[in-house]
Amino acid sequence: PARGALRCPPPHAPAMEPPPEAADVDFSEVFAGDKIAFNNSKLNYCRVFVAILSGCVAGVLGLTGLSGFVAFFATALLLSAGLYVKVGCQPKPFFKTPSDIWFDGVMQAMLSYILFWTLFYDIVHIY
């Protein structure tokens, strides 16, 4: 054949298989990794932001000991419940596992909460 000319496949090449029927494909396990990573990033941002705000409030209110930790877990639970309702009680399309909306990033947020809780407690009640 001439240079740059299109070539046809040999006649003995196997034929293409037909696409699978719609019933054969399980779309419940198909994820867009970049979208799920974006959602997890925004979830962590919201969780840390709410932890900082609630830590400031807990410090100003003078919460100490277990009452301060109860305040953190209450606000974390409220945020998770609000997001759960926001996604229509079906977090599976938006997150890899349904438990991500409840537990992902809680410890990271707790560190921010403790930092701002103690900072604002010291500013208001000690100094």
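Hi everyone. What we have here is a predicted model, where local features need pLDDT of at least 70, side-chain atom pairs count only at pLDDT 80 or more, and totals for chains, interfaces and linings use all residues. Residues are numbered from 1 along each chain as its sequence is written, and side-chain values use heavy atoms, with hydrogens and water left out.

Let's start with helix α1, residues 33–61, and helix α4, residues 106–126: their axes come within 7 Å and cross at roughly 25°. Helices here are DSSP runs of H or I, at least four residues, numbered from the N terminus. Axes are lines fitted to C-alpha atoms over the stretch in contact, with angles from 0 to 180 degrees between N-to-C directions. The crossing angle makes α1 roughly parallel to α4, a label for angles under 35 degrees.

Who makes the contact (heavy atoms within 4.5 Å)? On α1, the residues include Val48, Ala51 and Ala58, and on α4 they include Ala109, Tyr113 and Trp117.

Now, which residues form the largest nonpolar core? They are Val48, Ala51, Ala58, Phe72, Ala76, Val106, Ala109, Met110, Tyr113 and Trp117. Such a core is a set of buried Ala, Val, Leu, Ile, Met, Phe, Trp, Tyr and Cys residues joined through side-chain atoms within 4.5 Å, buried being under 20% relative accessible area with a 1.4 Å probe, protein chains only. α1, α2 (66–86) and α4 each give two or more residues to this core, and α4 gives the most, with five.

Finally, look at Phe72: leaving aside residues up to four places away in sequence, Phe72 touches Ala51, Val106, Ala109, Met110 and Tyr113.

Definitions and conventions:
Angles under 35 degrees count as roughly parallel, over 145 as roughly antiparallel, 65 to 115 as roughly perpendicular and the rest as oblique. Contact means heavy atoms within 4.5 Å. Buried means under 20% relative accessible area, exposed over 50%, partly exposed in between (1.4 Å probe, protein chains only).
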